[in-house]
Amino acid sequence: MNKVNYKSPIGVIEITGTEEAIYEVSYTEKQQVEYAYSDSLPQTVKDCYKQLDEYFNEERLEFNLPFKLEGTPFQQEVWQALRQIPYGETGSYRDIAISIKRDKAVRAVGSANSKNKISIIFPCHRIIGTSGKLTGYAGGLWRKEWLLEHEKRIINK
């Protein structure tokens, strides 16, 4: 596995991947970049770094990268459903449960969502409570709020 840190407006993000796929895009509490960008990184990792940079610089609405998702079939189904929520929009755990035809699995959807290892790209930040309020986010609610505002600002331009 190869790692690189991307310094974003919401903190250092760690990208982990191989030549074949991205395995993780996660927040860290690091203040400094520990794993620096280098030309020797696999192309998939460099592409992920570049696409995150474009996202934060308001130049990218969708990600196009190969991923390796490690989880149960149910978790993978939930994670894929996250990608169907359009940029700048939100959904709820109930919306995801309905979209995967498991209407009663709202809590299980929430649990699967919390185990998403490919933040931002598999946009779990777009999941809010059915009441319209922000719900838990592994990266912290302040990051979730920032990401949602970032996307709405771009859509409204």
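# Salt bridges, a buried lysine and a helix pair

The structure holds 10 salt bridges (a side-chain nitrogen of Lys or Arg within 4 Å of a carboxyl oxygen of Asp or Glu). This is a predicted model, in which local features need pLDDT of at least 70 and side-chain atom pairs count only at pLDDT 80 or more, while totals for chains, interfaces and linings use all residues. Residues are numbered from 1 along each chain as its sequence is written, and side-chain values use heavy atoms, with hydrogens and water left out.

Student: Which residue meets Lys 3 in a salt bridge at 3.6 Å, N to O?

Tutor: Lys 3 lies in strand E1 (residues 2-8), and its partner lies in strand E2 (residues 11-17), so the pair ties together parts that are 11 residues apart in sequence. Strands (E, at least two residues) and helices (H or I, at least four) are DSSP runs numbered from the N terminus. The partner of Lys 3 is Glu 14.

Student: Is Glu 14 buried or exposed?

Tutor: Buried means under 20% relative accessible area, exposed over 50%, and partly exposed in between (1.4 Å probe, protein chains only). Glu 14 has 11% relative accessibility, so Glu 14 counts as buried.

Student: Which side chain does the side chain of Lys 30 reach in a polar contact of 2.8 Å?

Tutor: A polar contact is a pair of N or O atoms within 3.5 Å; within protein, one must be able to donate a hydrogen and the other to accept it, and residues adjacent in sequence count only if both atoms are side-chain atoms. Lys 30 is found in the loop between strand E3 (22-27) and helix H1 (43-56). Its polar contact is with the side chain of Glu 14.

Student: How far from Lys 144 is the nearest side chain of opposite charge?

Tutor: Lys 144, in helix H5 (residues 141-155), is buried yet has no salt bridge. Lys and Arg count as positive and Asp and Glu as negative; His and the chain ends are not counted. The side chain of Lys 144 reaches the backbone oxygen of Thr 135 at 3.1 Å. The nearest opposite charge, Glu 145, is away by 11 Å.

Student: At what angle do helix H2 and helix H4 pack?

Tutor: Axes are lines fitted to C-alpha atoms, for helices over the stretch in contact (heavy atoms within 4.5 Å), and angles run from 0 to 180 degrees between N-to-C directions. The axes of H2 (residues 73-82) and H4 (residues 106-114) are 9 Å apart, and the angle is about 80°.
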